[in-house]
Amino acid sequence: MKVTIYTDGAARGNPEGPGGYGTILHYVDGNGRLHEKELSGGYIRTTNNRMELMAVIAGLEALNRPCEVQIVSDSRYVTDAFNKRWIDGWLKKNWRGASGPVKNVDLWKRLLEAAKPHQLTFTWVRGHDGHPENERCDKLATTAADGSDLQPDPGV
């Protein structure tokens, strides 16, 4: 099964303030019908990079069977870690980067665990430029940051 996960994180520009992530899963079922499931979650006292990672993790953990997954994100931090193979270097260097220990190691490890059964590709889209799926995720992230935490079971 092929699934596209559109993600966005919002920390409201304040690491001490409210933040949230938005995640939209698109997939086609066995009968050829397109489905869409939305998830959002609210968190506090964190950074936008952590929000982006949580958004990807939420999408992957919502899948209950192995899938071919395309992750679309406006976060260079997330997409470059995979597309530029930073994460391979971090693993080889025991989670150390050029400037010291890698941040968010707990979430990177959780993301890698959630990704194990899937075949992943990462695509970067410029945020806030009218890309319809990115804009919808922005709205989800804002909703989550405002405290409305709807997390339906996607059943994918």
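Glu-38 is partly exposed, with 33% relative accessible area, and its salt-bridge partner is Arg-136. Keep in mind that this is a predicted model. Across the whole structure, a search turns up eight salt bridges, and a few of them are worth a walk-through here. As a reminder, side chains of opposite charge can pair when their charged atoms come close.

- Between Arg-136 and Glu-38, the closest N and O atoms are 2.6 Å apart.
- This pair links distant parts of the chain, with Arg-136 in helix H5 and Glu-38 in strand S3, 98 residues apart.
- Arg-136 also meets the side chain of Glu-36 in a salt bridge, at 2.7 Å from N to O.
- Through shared partners, the salt bridges join Glu-36, Glu-38 and Arg-136 into one network.

**Exposure within the network**

- Glu-36 is partly exposed, at 36% relative accessibility.
- Arg-136 counts as partly exposed too, with a value of 28%.

**The pair Arg-33 and Asp-29**

- Another salt bridge brings together the side chains of Arg-33 and Asp-29, with an N to O distance of 3.2 Å.

Methods:
Residues numbered from 1 in each chain as written. Predicted model: local features only at pLDDT ≥ 70, side-chain atom pairs only at ≥ 80, totals over all residues. Heavy atoms only, no water. Salt bridge = Lys/Arg side-chain N within 4 Å of Asp/Glu carboxyl O. Buried < 20%, exposed > 50% of the residue type's maximum accessible area, 1.4 Å probe, protein only. Helix = DSSP H or I, 4+ residues; strand = E, 2+ residues; numbered from the N terminus.
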